[in-house]
Amino acid sequence: MEYLNFINGKEVKSASGRVTDVIDPYTQKVIAKVQRSNKEDVNLAVESARKAFDMWGNTTPAERSGLMYKLADLVEKNMSRLAKMESINQGKSIKMSKESDFVFAIDNLRFYAGAARLMEGKSAYKYSPDGLSIIKREPIGVVAAIIPWNYPFMLACWKLAAVAAGNTIIIKPASTTPLTALELARLSKKAGFPDGVINVLTGLGDEVGSELARHHGIDMITLTGNTETGKKIMQIASGNLKKVHLELGGKAPFIVFDDANIDSAVSSALVGSIVNSGQDCTAAARIYLNEKIYDEFVRRLKDEAKKVKLGNPLNNDTDLGPLNSRQHFEKVSKYLEIAKKEGRILYSGKEQKGWFMPVHIIDGIEQKSSLCREEIFGPLIIIFKFKTEDEAIRLANDTVYGLASSVWTKDLSKAF
């Protein structure tokens with residue numbers, strides 16, 4: 001099946017006529033073809049979004065809210081079909097797609113529908129005795145949104161906050177996971193969004209994402225992705241000082257004190273580490289355990305890890321599907337080889353044919369190791385010991401990332 005770009009309310013071929021294959025990471029077979037867009041396609045989408053903004057930017061909060069609610073209802077109505085497509089395209093378990101990603105996405109859309117009616121400005125005449133100062137909240141204009149491959153549909157919905165606020169949008173999904181973003185655009189048309197308000201361009205990052213970042217017709221660019229890509233986007237966007245919104249990588253510390261509820265902490269450490277096959281920027285990537293509970297915690301963690309089932313993402317009892325692409329599988333595999341050289345593999349799940357990465361529990365890694373410093377994005381659970389509270393804080397903060405963290409203790413004073 002060939003998918004087309006969605007521009008100005010219509011499905012259109014790329015200007016060059018080129019397409020790229022979309023691969024099912026479980027079967028490793030081609031499941032669709034999408035357009036390989038270029039500068040000409042970007043220009044067409046920007047022209048569409050700019051024209052639509054002249055109208056959409058002047059709509060009332062009630063009008064925008066109503067359409068967001070309609071879109072949320074349509075997503076809910078089509079959730080089973082879309083969740084299956086997401087799992088086939090991304091590789092995540094159908095259980096996660098249905099019970100997590102799409103539930104959150106629908107709730108996000110409804111949240112934005114409500115928030116659209118609550119944005120208010122303010123006046124403050126006291127700023128100057130000679131006049132009235134007014135702070136007025138207005139939409140920015142045309143927003144370009146670059147979506148990652150780990151949560152394709154949910155994060156596309158997150159970016160629609162821009163639309164709820166009165167902006168028009170051009171969504172650029174990841175080249176490996178474009179299908180549900182295109183389906184979202186189709187549903188927006190059905191919901192009644194005017195032509196040009198929501199546009200979707202498929203293609204490669206260097207050919208589409210970079211062009212969106214440098215285009216003078218775009219007022220803001222938002223990226224969820226890795227840190228290096230974020231740096232490039234910020235650098236390119238500085239060419240015309242467009243606004244930039246970035247959500248980048250993470251290396252979240254997971255700190256467990258000796259007074260924590262061990263059962264709860266073990267369960268959360270496992271889920272937090274391997275959620276979405278570890279392809280999550282807020283994953284519990286560094287587990288710091290108080291030395292007093294280290295042995296017991298590791299023993300229980302191994303027991304829980306043995307219950308994790310890898311397999312066909314469409315099976316309801318599958319916990320982890322394959323990694324998203326061959327390229328990413330090879331990257332995580334390289335980190336595993338480093339772990340075998342630098343540390344100790346305390347547990348490794350049964351290997352499976354394909355792009356599957358079993359759960360691994362690893363200790364003996366030094367804080368300076370790339371396993372501790374870089375984002376792995378796979379189900380490799382790295383464990384460390386600490387003695388004192390000060391040491392735990394020092395180790396947790398010894399990172400260039402700052403996206404998420406958690407502390408496990410019954411002592412609220414210590415947690416704060």
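Trainee: Hi! Where is Gln28 found?

Mentor: Gln28 sits in the loop between β3 (19-23) and β4 (30-35). Strands here are DSSP runs of E with at least two residues, helices are runs of H or I with at least four, and both are numbered from the N terminus. Keep in mind that this is a predicted model, where local features need pLDDT of at least 70, side-chain atom pairs count only at pLDDT 80 or more, and totals for chains, interfaces and linings use all residues. Residues are numbered from 1 along each chain as its sequence is written, and side-chain values use heavy atoms, with hydrogens and water left out.

Trainee: Got it. What is phi of Gln28 near?

Mentor: It is near 60°, a positive value in a residue other than glycine. Gln28 is partly exposed, at a relative accessible area of 31%; buried means under 20%, exposed over 50%, and partly exposed in between, using a 1.4 Å probe and protein chains only.

Trainee: And Asn8, what's its phi near?

Mentor: Asn8 has a positive phi near 55°, and it isn't a glycine either. You'll find Asn8 in the loop between β1 (5-7) and β2 (10-12), partly exposed with a relative accessible area of 30%.

Trainee: Let's switch to helices. At what angle do the axes of α4 and α5 cross?

Mentor: Roughly 5°, with the axes of α4 (residues 94-115) and α5 (residues 152-159) coming within 9 Å. Those axes are lines fitted to C-alpha atoms over the stretch in contact, and the angles run from 0 to 180 degrees between N-to-C directions.

Trainee: Which residues make the contact?

Mentor: From α4 there are Asp101, Phe102, Phe104, Ala105, Asn108, Leu109 and Tyr112, and from α5 Phe153, Met154, Cys157 and Trp158. Contact means heavy atoms within 4.5 Å.

Trainee: How do they divide into nonpolar, polar and charged?

Mentor: Nine are nonpolar, one is polar and one is charged. Ala, Val, Leu, Ile, Met, Phe, Trp, Tyr, Cys and Pro count as nonpolar, Asp, Glu, Lys and Arg as charged, and the others, Gly among them, as polar.

Trainee: Where does α4 bend?

Mentor: At Phe102, by about 30°, taken as the angle between axes fitted to the seven residues ending there and the seven starting there. The end C-alpha atoms of α4 are 30 Å apart, which agrees with the 32 Å that its 22 residues should span at 1.5 Å a residue; the expected span is 1.5 Å times one less than the number of residues.

Trainee: What do the buried residues of α4 pack against?

Mentor: They pack against α2 (61-77), α3 (79-90), α5 and α6 (161-164). Phe102, Leu109 and Tyr112 are among the buried ones.

Trainee: How many residues of α7 are buried?

Mentor: Ten of the 13, so α7 is largely enclosed by the rest of the structure. Glu183 is one of them, and others include Leu179, Leu182 and Ser188. Just after α7, Gly192 takes a positive phi of about 110°.

Trainee: Last one: is Gly141 buried or exposed?

Mentor: Gly141 is buried, at 0% relative accessibility. Gly141 lies in the loop between β6 (134-135) and β7. Leaving aside residues up to four places away in sequence, Gly141 touches Phe53, Asn167, Thr168 and Asp219. The C-alpha atoms of Gly141 and Thr168 are separated by 6.5 Å, with the two residues 27 apart along the chain.
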